[in-house]
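Subject: Structure handover

Hello,

Here is the structure I am passing on to you. My notes on it follow below.

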Amino acid sequence: MTRSPQFVGAACASASVVFFSINDVLIKFLSGGYALHQVVLFRSLIGLLVIAVMILPFSGGLSALRTKRLGMHLFRGLCVVVANMTFFLGLAAMELATAVAIFFISPLVITIFSVVFLGETVGPRRWAAIVAGFIGVLIILRPGTDAFQVASILPLIAAVAYAGIHMITRKIGGTESAATMAVYIQLTFIAVCALIGLAVGDGRFGDQSDPSLRFLLRAWEWPAHADYWIFALLGFGVGVAGYLISQAYRVAEAAFVAPFEYLAMPLAIIWGYLVFGEVPDALTFLGAALIVGSGLFALWRETRVAKVAAAPRTRR
């Protein structure tokens, strides 16, 4: 049975969110004992193996690695590295649901980027949604109060980098396969994490009081046998999830796919409570509601405007 592009996009996006959500939980769990670049390096090596064994054979084999847009792949890969690493560093010091809520400002950043870099027009309603979303961020961050954490800036940086990923995906998605994009992302992770490991992996800067800096600069340690399954699950999940999300945005419109990523918000609340005993306070729930609501509204408006623009005009 032939599936519509919308069905495939929705299914791929939803499945990828589940994998990414589990990935966040596992990395937060490991943040107290391993260096971030070590965790991500092992994860990416396993993820690359998963792609090579489970995905490439059904996507043209090694020919899927051929590309005339290597520079764009590497730039996209660097954006993914920045988005992931800053978000994971934030997880080491923050509640899972709070970090995810702040990160979901990314659809609004994508809207801003579409104006700045793609010359698209955004009406007053979407600008109002953007303002509401950033008010939600301020409610969660609470700058100038004792509740403010410097680490909360990290998911914001991740959101900006994630918006950059989507700008590049829009540009190359028509000519590059999901398998090609997934492979080059993992190769970029491996290269960056190996360089960081060579520079600071001996732990000489690891004596830090801040949990995010400690996670970044801690000395490498060979994983305990009991943690092997966690690293294996991380690698499997990121390999599959990276392919699925690339496929989702390739086969379906971004405005249709993006709302499915918001499944990560309730999952973060559930995982945070079940695994870490975290319960966000009322202001965090309010800020998250503003961010998610404004993001969904902006996506809905983008879809509506696109449909109106594409509708055939009749002469009167």
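A residue is called buried here if its relative accessible area is under 20%. The model is predicted, and what follows was computed from it.

Helix H4 covers residues 96-103 and is mostly covered, with eight of its eight residues buried. They are Leu96, Ala97, Thr98, Ala99, Val100, Ala101, Ile102 and Phe103.

Val100 comes up again in the largest nonpolar core, which has 83 residues. Together with Phe87 and Phe88, Val100 touches the most other members of that core. The helix that gives the most to this core is H7, with 11 residues. A separate core of seven residues lies apart from it, and its members include Ile51, Leu56, Ala64 and Val183. As background, nonpolar side chains tend to be buried together in soluble globular proteins.

Setting aside neighbours within four places in sequence, Phe87 is in contact with Asp24, Ala99, Val100, Phe103, Leu154, Pro155 and Ala158.

Next, helix H7. Leu156 is found in this helix. With the neighbours within four places in sequence left out, Leu156 is in contact with Ile102, Ile105, Val137 and Leu141. The C-alpha atoms of Leu156 and Thr86 are separated by 8.6 Å, although the two residues are 70 residues apart along the chain.

H7 (residues 153-172) also packs with helix H5 (residues 106-118), at an angle of about 50° and with the axes 9 Å apart. The two helices are therefore oblique to each other. Their crossing is right-handed. On the H5 side, the residues that meet H7 are Ser106, Val109, Ile110, Phe113, Ser114 and Leu118. On the H7 side they are Ala159, Val160, Tyr162, Ala163, Gly164, His166, Met167 and Arg170. Sorted by class, this contact has nine nonpolar, four polar and one charged residues.

Last, a residue from helix H12 (residues 264-276): Tyr273. Is Tyr273 buried or exposed? Its relative accessibility is 53%, so Tyr273 counts as exposed, the cut-off for exposed being over 50%. Beyond its neighbours within four places in sequence, Tyr273 is in contact with Glu278 and Val279. The C-alpha atoms of Tyr273 and Gly144 are separated by 28 Å, and these residues are 129 residues apart along the chain.

Regards

Notes
Residues are numbered from 1 along each chain as its sequence is written. This is a predicted model: local features need pLDDT of at least 70, side-chain atom pairs count only at pLDDT 80 or more; totals for chains, interfaces and linings use all residues. Side-chain values use heavy atoms; hydrogens and water are left out. Axes are lines fitted to C-alpha atoms, for helices over the stretch in contact, and angles run from 0 to 180 degrees between N-to-C directions. Helices (H or I, at least four residues) and strands (E, at least two) are DSSP runs, numbered from the N terminus. Angles under 35 degrees count as roughly parallel, over 145 as roughly antiparallel, 65 to 115 as roughly perpendicular and the rest as oblique. A crossing is left-handed if the near helix is turned anticlockwise from the far one by less than a right angle, and right-handed if clockwise. Contact means heavy atoms within 4.5 Å. Ala, Val, Leu, Ile, Met, Phe, Trp, Tyr, Cys and Pro count as nonpolar, Asp, Glu, Lys and Arg as charged, and the others, Gly among them, as polar. A nonpolar core is a set of buried Ala, Val, Leu, Ile, Met, Phe, Trp, Tyr and Cys residues joined through side-chain atoms within 4.5 Å. Buried means under 20% relative accessible area, exposed over 50%, partly exposed in between (1.4 Å probe, protein chains only).
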